[in-house]
Amino acid sequence: MKIAVCVKQVPDSWVEKKMDGQVIDRLGVDAVLNDLDEYAIEEALRIVEANSPTGSAGSESGHEISLICMGPERATEALRKGLSMGADNAILISDPSLAGSDSLATSLVLAKVIASGNFDLVMCGTESTDARMSVIPAMLAERLGWAQLTHVHKLDIDVSKSYAQGVRSTEIGIENISADFPVVVSVPDKINVPRYPTFKGIMGSKKKPLIIKTLDEIGFAAETVGMLAPWTAVNDVIPRPPKSKGIKIVDTGNGGNELVAFLEEQRVI
Amino acid sequence: MSVVILVDEFDGKVARSTGELATFAARIGDVTAVLFDENLLPQLSEFCIDKVIVVSDANRNSPAEVAQVLSQIVKEKSPKAILVTSTITGKEIAARTAIRTNSGIITDAIDLASDLTTTQSIFGGALIVKARVQSSCAIIAIRSNSVDIDVTKSSPGIERFSGSISESLERVLSVEMAAKGNRPELTEATIVVSGGAGTKGDFGPLEEFADSLGAAVGASRAATDAGWYPHSSQVGQTGKTVRPQLYVAVGISGAIQHRAGMQTSKLIIAVNTDADAPIFDIADFGVVGDLFSVIPQATAAIKAKKP
């Protein structure tokens, strides 16, 4: 079985994010592997481990986990982290003409790489912690013509039957859904607890294949690159007007009543 | 020029968010609503809708099938925009429709102007972004609770969708409706009361307080991870984003990840024993105190005011 995990490098979600003009400032802050992608990597590793004769991932497992990423060259740092967790290899599509790409272009590039790789499963996190659109998995399913099992907090894979089943919780309710391979899966953070890379994993990751390719090298003809231009223009980015300082009281036995008095004053009740 | 809106239909009802989409769409042009359950037609007359396209042979719960319907409508009617509600499946429908029609897409909008400029609130509400889709049709997903609904009644004309739809590749084995109880849905509620680590697992007083206000109940990640409240009620970066008129954070310290899901609420109230909890930085009204005495007292005070 071949599993692709789509990952992204994002500004660290624990620090205050800033804008550089009309795009997210990615240079001035620490860049890390998107937290939410770690759950997808972990789930891919668990699937392989459960179906490996040795009980572990890697070349003896008979399965392969590839990380796929689009981003600047420094995104190799995020990919190394994924490799140190246990993925087998990684491909980074990095091209100056991709700077400022929107989700349409990103999904086009990722789908192109996935389509050429003979994968059975594509795993994604539910969103990146920077753009937070949560649209890439559905876009990949649409572009590839594959089934989608998105936002599944429980996933069962039957490798012998090329079959995936999952449970998802959406505004519709709790759905139990299934599909045959190939499938695009996205998993939320409640599905598992991602492992920390071990020292051995970190050392081993340095020897794992990590290839950087340009658009030309993944087979985009020069004339199709125009299709990658963003369809969305940002006109303005305005810091939110600072919130006027609120009232803070210490409860001395009447806090609940004072709270209700405030609600009345604000005409909420 | 027309704008197409996708009706939100759940549990045999047209959701309130549909009225918000109609209100935004009417700012731009004629409003065409796409409806899957014909029985809900009468409910649409509550909103400013000019025309309804009724779709019978497709599954409203399948993003792949709904996207096929919407993209065929884009090809036939050339609308200026398609508006959907920014929910999990709403965004997937928008995403797939954008691919099928090669249109630009904006999600999580909180406002839409007549020239199709959207407003989004990003980084947990720290920044406001104004953006505009450049393609001939704009696919826009709008968060609920973003606008007061225009309640102009209408008697829309009806048209039947005639395209053919190929069945989605996923099989739905079972669906269990989200337990609704008597409380409103979290992302649609005008008041949300959320509990965190400070509740120590006892949501009783908080639920009673929520019910006295007709509020939805949410929870922080700490509370859902501890198993005190369902994950579907989690508010925050990895849970739901809410934007109610009033958000009451009870026993929640207010980590960045939680604030990302509620910071743009109109009015924020916090109750916490720790006077230095970051939640107080964004609260309009904060009570430093024990929630187990403050909240029941507040509940009693609200109940006393009701006839």
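Me: What should I know before reading any numbers?

Reply: This is a predicted model: local features need pLDDT of at least 70, side-chain atom pairs count only at pLDDT 80 or more, and totals for chains, interfaces and linings use all residues. Residues are numbered from 1 along each chain as its sequence is written, while chains are lettered from A and ligands numbered from 1 in the order in which they are written.

Me: How do I read a sheet, and what is the strand order of the open sheet with 10 strands?

Reply: Strands of a sheet pair through backbone hydrogen bonds, either parallel or antiparallel. Helices (H or I, at least four residues) and strands (E, at least two) are DSSP runs, numbered from the N terminus, and two strands pair if DSSP finds at least two bridges between them. Here the order is E15(A)-E9(B)-E8(B)-E7(B)-E10(B)-E6(B)-E1(B)-E4(B)-E5(B)-E11(B), with mixed pairing. Its edges are strand E15 (232-239) of chain A and strand E11 (157-160) of chain B, each pairing on one side only. From one strand to the next, the twist averages 35 degrees; angles run from 0 to 180 degrees between N-to-C directions, and axes are lines fitted to C-alpha atoms, for helices over the stretch in contact.

Me: Which strand does E1 of chain B join through 3 bridges?

Reply: Strand E1 (residues 2-6) of chain B runs parallel to strand E6 (residues 81-85) of chain B, and Val4(B) has Ile82(B) as its bridge partner. Strand E4 (residues 30-35) of chain B pairs with strand E5 (residues 51-54) of chain B, also in the parallel sense, over 4 bridges; there Ala33(B) is partnered by Val52(B). E5(B) is in turn joined to E11(B) by 4 bridges, running parallel, with Val54(B) opposite Arg160(B).

Me: Which strands stand at the edges of the sheet of 4 strands?

Reply: That open sheet has the order E10(A)-E11(A)-E12(A)-E12(B) and antiparallel pairing. Strand E10 (152-158) of chain A and strand E12 (171-176) of chain B each have a single partner strand, so one side of each is left without a neighbour in the sheet. Strand E12 (residues 173-180) of chain A meets E12(B) through 5 bridges, and Ile177(A) stands opposite Val172(B).

Me: How many residues does each chain bring to the contact?

Reply: Two residues are in contact if their C-beta atoms, placed from the backbone, lie within 7 Å. Chain B contributes 71 residues and chain A 61 residues. Across the contact, strand E16 (residues 247-250) of chain A runs parallel to strand E17 (residues 285-288) of chain B, joined by 4 bridges, with Ile247(A) opposite Phe285(B).

Me: Where do the domains of chain B lie?

Reply: Domain bounds come from an automatic or database domain assignment, which gives domain 1 (2-160) and domain 2 (191-305). Their centres, taken over C-alpha atoms, are separated by 31 Å. In the contact, 6 residues of domain 1 of chain B meet 7 residues of domain 2 of chain B.
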